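Here is a short briefing on the structure shown below. It is meant to be read with the sequence and the coordinates at hand.

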Amino acid sequence: MATQSRPGALLRARGLQSPRWRHSLRLVRRVLLYTALIGGALFFLFPLAWMVGTSLKTIEEVGRSQLTLMPERPQWQNYEKLLNDSTFYRAYLNSVFIVSLVLLGTITSVSFVAFSFSRLQWKGRGVVFALMMSTLMLPYQATLVPQYVMFHELRWIRTFNPITIPGFFAGGAALVFLLRQFMLTIPKELDEAAMIDGANPLQIWWHVIMPLSRPAVATITVFLFVGQWNNLLMPLIYLQKPALYTMPIYVAQKLNLQESPLPWQDVMAASVLFVIPVLVVFLFTQRYFIEGISTTGSKG
Amino acid sequence: MASEMRLHNLKWALLTVIFIIVSSVALGLLARLIARLRGLSETEQRKIFWGFTLAGPWIVGFFIFVLGPALASLYYSFTDYELGQKMEWVGLDNYRKMLLVYGRQGRQFNKAMLNSFYYALIGVPLQILAALIMALLLNHEVRGIRFFRMVFYMPVILAGGPAILLAWRYMLTTNGGFVNEAMRKIAGMFFIFDYLYRGFIYGMEAFNGFYAGIAQGDPIGPLKYTAPALLGALILWLLARGEWSEGKRLLAWRAAQIVGLAMFFRLASKGLMAQPVNPAWLYAAGIAALGGIAWLGWLRHPRLRLTQGALLAATIALGIAVLARRDFALGDAETQRYLLPLALTALALIGAWIGPWTARTYRLLALFGALLSILLLVRLAPGQLDGGRLEVLMRYLTFGSTLDRTDDLDYLNKVYPVQTMSSLWFYGLAIAAWLGVAGLGEAHPMARRRLAWGGAALFALFALGSFLDGRAYFQAFERLAQASGKPNYHFSLFRQAIAQFPSSDRVPLWMNSELWSKPALILITMWSSGTGMLIFLAALKNVPRELYEAAEVDGANVWQRFVKITLPMISPAMFYNIVIGMIAALQTFETIYILQTPLTLDSLQSAAYLLYARTFSELHIGEGAAMSWILVVIILTLTVLQFRFSRSWVHYEA
């Protein structure tokens, strides 16, 4: 009886929704979908594969054929050459150093600030928070030039300070906002209970909130890491000395247009070694932010 | 060396931490003291202390790294500061250099802005389309979809760094690069593919050549007339069709507002640059202002009086500015030319201001509007200036009849001097027409239709005429260039591109030509549009299934469901992506740094890249600061405008 009024009834009566028809229709759609997905995946992965393939070629192969992805025989010495190169080694170490320091300083300070904006009730919080959100509108160009002047006056040009120190001041309102939004979802009763037990806000921060905020902290760590590891502009502006160069500058300068033929295999080998940490971090953490957003949807 | 530096850095990091702790606690104590003085309870004081102390790092950082520098850069922008040299106050000079198209700085800045405009106009829509298609593909719960989501997103994390950009640069090598080789291989498989490939090259080169021609600071280009005429025709056509609805009322009003604002900024910037202003502008602005006031009055808008007062004040201020000129003389024809439209506008506004708002007010406004229009036409008539104006106007209406006279050099010089006719009066006319049609739409539906169709036809005629005249433009430039011995005229690239259909051995030149450098950049941004994809994906998940089921019952097909349900439901995400994409277009840096060659830097560089080059390679702090503030104003305006106008088309769930 009930089926009479259901929407498909009319179509079914015409035989358009017979099980066989629907089955084959779904199969065709499935095949088309997978074709598109695989085609897209090839498009997105290809530059990476091309990078790896080229890094294993000889310079003759690089100059010759451009349609073969993999070399006839992998040239591992392209990598050996890099690993024996002290400038490469130094740039890598500089990058690791800068990124670790920035991560340490930024994550700590950001979590303090986000904690204060989400878990503590204080007069003036709304005003200060609104002020912070309004800085999101201000593009970085507004402060880039005078910051340079300031660091110049401090004699910090050609040191790591201009890149690492600002992070300690909870750099990046977007990160604070992200973490705050997460901390707001933690039940109020937890810190109230801790408060009754006589804990001060610092103890609540460390023992209650931080352990529960791990997924959000992981997410902002990844964003920060990727952003810092890739960062080209700041090192270009402030480092200005080969001994201090980080990996992005090293890789960018590997391509010397004066040389002919261009040694793309060396450039690509350095690129592969540069990309590996980012890829590893991405592979291990992507489920937090991709699945987090795409399966539940984002409301508010 | 580097290890010493690291130690040095660690030392400073430690000092910074101590500084932050001390200053944060000091901030907390200060806040607590103030709280105590204001008589708050002990627990409130404690809360305030902890709140400010823990938020302290950001608050202290805000003063040191945001507020202080922002104010300093505002100050620098008015000086000629270069590192290590004494700075001197130069007033608006830096801004003037940047905004005027003459001089090296101005030309470069103009070029960079036009490049960014290209990215925003062509790149952002393509990027959003790519993101939307990706999201629609990934919005299926099938086996392995998590893997595909990961792969589709992955380019985002790589594209920020130099490595993958170098790989792209290698793949896009003109001679034997992978992309070109693969395309050639595919084109060679089947003759239809070959034609498509050659058509692609032809289309790209023609379009980018045309854009390059405009972007090279061409005196006018036919676009200056064609664009406003087309815009007027398009919106009038939309207003003429079908029933009169709320959406159309809003469309007329919004279009008039946007164009009016653009007119105002152009006028203001001309004033700032102390450039002579064509009086036609003042007539057009007056007509537009009267139309706007009438429309607001019709709507019984609560801010009618306020707007009216502001317009009146602006008109009177302009009049005083004209009178205050050093060489002022009332008998001077030049002065009268400026004062007449201002006085007429002011009179009409005052009339509407004192009396009660009745039918007579409308008649008054219409009368003065008509008077201004007639005077404007008379001004364009021969005898007023050089006799060229009416002739030009007539040519727009007669489909560019100059085509057969392009060999007469004297004639060309006379007809095509810079600013023969202000394109502004097209804008003023368009605004007045939109608002008039809107007003009629409220009162007389039939008259609304007739007027709108007639207006649309007239504007279409203008547009067509000016476009055909554009062909005369190209010829004119060619002749002028030949005659003056300078064959390098601005549309040379365009003419070369359209001269012949590409032969089968032509390839895309990518980084070896300014016709291909921007498309290469856009290709890479499309490759890495995963962020937009994630935002669309989240929005798609939030679309209620019931809506699709209900639509299916009603017999809607896939496309109808997409247009009527999916698109409106994800419009907030679309809106967000557009804002972010346009801002990113202005700020592109890494991609340009890695991809540029000396040949294509000019055609690639964005405003942010130019800022970097001027400030940190040439160390012109003052100019850099001025440029950064222009950028800030543009970005803030974009954001605010988009938020404001999004209300009319973005659907937010209640």
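This is a predicted model: local features need pLDDT of at least 70, side-chain atom pairs count only at pLDDT 80 or more; totals for chains, interfaces and linings use all residues.

Residues are numbered from 1 along each chain as its sequence is written, while chains are lettered from A and ligands numbered from 1 in the order in which they are written.

**Chain B overall**

- Chain B has 28 helices and 0 strands; helices (H or I, at least four residues) and strands (E, at least two) are DSSP runs numbered from the N terminus.
- Of its 654 residues, 39% count as buried. A residue is buried if 20 or more other C-beta atoms lie within 10 Å of its own, exposed if 12 or fewer, and partly exposed in between, with C-beta atoms placed from the backbone.
- Among the contacts in chain B with a separation of 6 or more, 73% join residues 24 or more positions apart. Two residues are in contact if their C-beta atoms, placed from the backbone, lie within 7 Å.

**Domains**

- Chain B is divided into domain 1 (2-75), domain 2 (95-174 + 509-646) and domain 3 (219-489); the bounds come from an automatic or database domain assignment.
- In chain B, the C-alpha centres of domain 1 and domain 2 are 36 Å apart.
- Chain A is divided into domain 1 (2-55) and domain 2 (84-296), and the C-alpha centres of these two domains of chain A lie 40 Å apart.
- In chain A, 4 residues of domain 1 are in contact with 6 residues of domain 2. The domain 1 side of that contact has 2 nonpolar, 2 polar and no charged residues. Here Ala, Val, Leu, Ile, Met, Phe, Trp, Tyr, Cys and Pro count as nonpolar, Asp, Glu, Lys and Arg as charged, and the others, Gly among them, as polar.

**Interface between chains A and B**

- Contacts between the chains involve 88 residues of chain A and 90 residues of chain B.
- Helix α15 (residues 264-296) of chain A supplies the largest share of the chain A side, 13 residues.
- By class, the chain A side consists of 59 nonpolar, 24 polar and 5 charged residues.

**Nonpolar cores**

- The largest nonpolar core has 167 residues, and A:V113, A:V176, A:L179, B:I164, B:A167, B:M533 and B:F536 have the most contacts inside it. Such a core is a set of buried Ala, Val, Leu, Ile, Met, Phe, Trp, Tyr and Cys residues joined through C-beta atoms within 7 Å.
- Leaving aside neighbours within four places in sequence, A:V113 is in contact with A:A170 and A:V176, and with B:L54, B:A55, B:P57 and B:W58.
- Another core, of 55 residues, lies apart from the largest one; B:L230, B:A284, B:Y338 and B:Y427 are among its members.

**Helices α4 and α20 of chain B**

- The axes of helix α4 (residues 103-138) and helix α20 (residues 517-527) of chain B come within 9 Å and cross at roughly 35°. Axes are lines fitted to C-alpha atoms, for helices over the stretch in contact, and angles run from 0 to 180 degrees between N-to-C directions.
- From α4(B), B:N115, B:Y118, B:Y119, B:I122, B:G123, B:L126, B:Q127 and B:A130 meet B:K518, B:I522, B:T525 and B:M526 of α20(B).
- The residues of this contact divide into 7 nonpolar, 4 polar and 1 charged.

**Residues with positive phi**

- Most residues other than glycine have a negative phi.
- A:Q240, which is not a glycine, has a positive phi of about 55°. A:Q240 is in the loop between α13 (233-238) and α14 (247-254) of chain A and is partly exposed, with 13 other C-beta atoms within 10 Å.
- B:W510 also has a positive phi, near 45°. B:W510 is in the loop between α19 (492-499) and α20 of chain B and is buried, with 25 other C-beta atoms within 10 Å.

**Other positions in chain B**

- B:R143 is in the loop between α4 and α5 (145-159) of chain B and counts as exposed because it has 8 C-beta neighbours inside 10 Å. B:R143 and B:L451 are 308 residues apart in sequence and 59 Å apart in space, C-alpha to C-alpha.
- B:R337, in helix α13 (residues 333-354) of chain B, is partly exposed, with 18 other C-beta atoms within 10 Å.
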